[in-house]
Amino acid sequence: MDHSHETNVSAPVNEERRDFQLNVLFETVRELSQLTDPSDVMKSFVLLSMGPLGTAQALLAAKDAQSGNETVALRGFAADFQDALDDLLTGLTDKVSAGEEMLPHQVRVVTMNENAKNEGLPESLRILVEWYVDRHCFGVLGYGPKVSGEPYDHQDEEFLLRLTSAFMDALKVSNVNETIRRLNDELRIRNENLHQALLISQETQTRLDQRYFHFRTVCDTTRELSGNLDKDSLLSSFLLSVMGAFSAQHGFIVLWNRDDQSISSIHRGYPVESVPDFDVQRLNQVFRALLHPPFVPSQGEKHYQVLDLDTLLSLGLDDTSQIAAAFLIDANFYGLMVVGNCLAQQKDGLSDEELFPTLLQGFLVSLGNALAFETIQKLNSDLLQRNAELRQTLEDLQQSRQTISLLEAAANRINSLLKTETLRIKRVTLVDCMALFMISLFLGLIFNVTSPGRIPVRPETWSLPPPNLIDVSWARLKHASQGSIFLDARPVEFYNQTRIAGAESLPLNLFEFVYSMRFAQLDPKTDIVVYGRNVSRRYDELVAAKLAERGMVNVRVMDGGLRQWQRQGLPVEP
C-alpha cells in the first residue's frame with residue numbers, strides 16, 4: 001500500500017518536472033536563437049542552464065580547430081584552472097585529429113556525481129560533458145553540485161543532454177551567422193577596395209586619355225610646324241594649334257625683332273575694337289618687366305617663361321587671358337603669346353603645366369629654323385648680288401686689259417719711231433726732250449686712268465686725318481700676347497708672297513666684300529694693327545680710315561710696315 005501510494009505521488013511530480021524542463025528547453029532554444037555571436041550564446045546558455053539544474057557553478061569551454069581560438073564561460077568557479085582546461089581541450093583536439101569515430105552533433109557525459117578525474121580541474125565539479133558540433137568545433141561543459149545537495153539523477157542527465165543539443169544547434173547557427181557576417185565584412189571590404197580600385201582605374205584612364213591627347217597634340221603640332229619655314233605662316237599655325245588644344249576662343253602672338261624694330265603680329269577671335277595693339281614702346285616696356293632671372297638665359301639660348309595671371313594683369317592684358325608665355329630666340333627676337341576664354345580647362349592643371357610648355361619648346365625650335373632660313377635667304381641674295389658685281393668687275397678688268405694692251409702696243413710703236421728719229425737726227429734738242437716728256441706724260445695719264453689699280457694724281461691720304469701709329473716694338477709685344485688682330489692691307493698677291501705670321505688679309509681693292517664677309521661681326525673695341533704700303537700707295541692708312549668709318553675705335557697703323565718688321569727679324573710666313 002505504501003509503495004503504491006509513493007508511486008502514485010511521484011508520478012505527478014515527475015510529470016510536472018518534465019513539463020518544467022520542456023518549458024525551460026523551449027525558452028532556452030527561443031532565447032539562444034535570437035543571439036548571433038558565439039560568445040554571447042555560450043554565456044547565455046550557462047546562465048539559462050544553471051537554474052533548471054539547481055546549481056550555482058558552471059563552466060563551458062569551446063575550441064575552433066580551424067582558427068585555434070578558445071572561448072570559456074565561467075559562473076561560480078574561480079578562474080585558476082585555465083591550464084587544466086587547456087589540457088582538456090588539447091585532449092579533445094588529439095581525439096579528433098587521431099581519427100577516432102566521432103559522430104557530428106555528439107554529446108557524451110564523462111562524469112556524473114563524481115569528482116573530475118582530470119588533475120587541476122575544480123574539486124567541486126560533479127558533471128563533465130564532452131560535446132562535438134563537428135570536427136572543427138567542440139568543447140566541454142561542466143557543473144558543480146546542486147544547491148540542495150541532492151545528486152543528479154537520470155532525468156537530469158537526459159535534460160542536460162537535450163540542453164546541450166539545443167546549445168550546439170544555437171552555437172552552430174551562431175557560427176554560421178558569424179561566418180556569414182565575417183564573409184559579409186570581407187565582401188564589403190573587398191567591394192570597397194574594388195570600388196576604390198575602380199575609381200583609381202577611372203582616374204588613371206582619364207589621365208592616360210589626357211596624356212594620349214597631349215601626345216597626339218604635340219605630334220600633330222610638331223609635324224605641322226617642322227616643315228614650315230615661313231615665319232608668318234608658322235606663327236599663325238602655332239596659334240591655331242594652341243587655341244584648338246585648349247579650346248580657347250581668342251589669342252594672339254607677337255614677334256619683335258629688336259635689330260630692325262619690326263613687329264610680326266597674328267591674332268584670332270578678337271572683335272575689331274578689342275584687338276591687342278603692341279608697338280615698339282609697349283613691347284619694350286613688357287620685356288623690360290620680364291628681363292630678370294629666370295627669364296634671362298645664357299648667351300644665344302632659346303628660352304621661355306610661362307606667365308601667371310598676376311603677371312598678365314601687371315602687363316596690362318585683359319582679365320580673360322588665361323594661358324600665356326614670353327619667349328626669346330636670340331638677343332634680337334623676342335615674343336609674347338596669350339590665349340584666353342578657354343572652354344575646357346583641366347582641373348588638375350596638366351594642360352597648363354605640361355602641354356603648353358612642350359608645345360612651346362617645339363615651336364621655338366621651328367621658329368628658330370624659320371628665322372635661320374630667312375637669314376640664309378638674305379645672305380644668298382646678297383651673295384648673288386655681290387657675285388654679279390664681281391662678274392661686272394671682271395668684265396671691266398678684261399676690257400681695261402685689252403685697252404692697256406692696245407696702249408702698250410701704241411707706246412711701243414711710238415718708242416720705235418722716237419728711236420728711229422733719234423738715230424736719224426743723231427742729236428737731241430731741248431724741244432725734242434720736251435716733246436718726249438709731254439708724250440710720255442700723256443700716255444702715262446691715259447694708262448693710269450684706264451688701269452683698275454690706278455694711282456690717284458692727288459694722293460687720297462692728303463684728305464685723311466693723320467693715322468694712329470704704333471711702332472714695331474709695341475706691335476711685337478701685342479703680336480706675342482695675341483692681344484691684337486694684324487691686318488695686311490696690300491693686294492692678295494703680295495699677301496701670299498710674304499706676311500706677318502698670323503696676319504689676315506683685308507686688301508684695299510676688295511675691302512667692302514672681305515669686310516662684310518669676315519670682319520663685320522667684330523667688337524668695335526677690338527684692337528687692330530694695320531700694315532702694308534709701297535712707294536706709290538699707302539694701303540694701310542686707307543684701310544685704317546675705312547675701319548674707323550665703320551666704328552672700329554682701336555685701329556693703329558704700324559710705323560715702318562712689313563719692311564721694318566723684317567729688319568728686326570720678327571716672324572713672317574710663309
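The structure is a predicted model, in which local features need pLDDT of at least 70 and side-chain atom pairs count only at pLDDT 80 or more, while totals for chains, interfaces and linings use all residues. Residues are numbered from 1 along each chain as its sequence is written, and side-chain values use heavy atoms, with hydrogens and water left out.

The chain contains 14 helices and 17 strands; helices (H or I, at least four residues) and strands (E, at least two) are DSSP runs numbered from the N terminus. Of its 574 residues, 33% count as buried, where buried means under 20% relative accessible area, exposed over 50%, and partly exposed in between (1.4 Å probe, protein chains only). Contact is defined as heavy atoms within 4.5 Å. Among contacts between residues at least 6 apart in sequence, 64% join residues at least 24 apart.

Gln-21 belongs to helix α1 (residues 2–33). With a relative accessible area of 10%, Gln-21 is buried. Apart from residues up to four places away in sequence, Gln-21 touches Gln-155, Asp-156 and Phe-159.

Helix α3 comprises 16 residues (82–97), and its end C-alpha atoms are 22 Å apart, in agreement with the 22 Å that it should span at 1.5 Å a residue. The expected span is 1.5 Å times one less than the number of residues in the helix. The buried residues of α3 are Ala-84, Leu-85, Leu-88, Leu-89, Leu-92, Thr-93 and Val-96. An α-helix has 3.6 residues a turn, so residues three or four places apart point the same way.

Helix α13 (residues 539–549) is mostly covered, with eight of its eleven residues buried. These are Tyr-539, Asp-540, Glu-541, Leu-542, Val-543, Ala-544, Ala-545 and Leu-547. Their cover includes β12 (485–488), α12 (511–519), β15 (528–531) and β16 (555–558). Just after α13, Gly-551 takes a positive phi of about 95°.

A further span is taken from a record: an unreviewed UniProt entry lists residues 380–410 as "coiled-coil region". UniProt positions are given in the numbering used here, feature names are shortened, and annotations may be inferred rather than shown by experiment. In the model, this span is 100% helix and 0% strand, and its end C-alpha atoms lie 45 Å apart.

Grid points are joined across faces, edges and corners, and a volume is the space filled by probe spheres set on the points. One cavity of 30 Å³ or more was found. The largest cavity holds about 30 Å³ of space and is lined by Val-218, Thr-221, Thr-222, Leu-225, Thr-358, Leu-359, Gly-362 and Phe-363. Helices α4 (154–226) and α8 (350–425) each supply at least two residues of this lining.

The second largest pocket has a volume of about 600 Å³. Of its 22 lining residues, the closest to its centre are Pro-38, Asp-64, Cys-137, Asn-175 and Thr-179. The largest share of the lining, seven residues, comes from α4.

Definitions and conventions
On a 1 Å grid over the protein atoms alone, a cavity is a set of points where a 1.4 Å probe fits but cannot get out, and a pocket is an open set with protein on both sides within 12 Å along at least five of seven lines; lining residues have an atom within 4 Å of a point.
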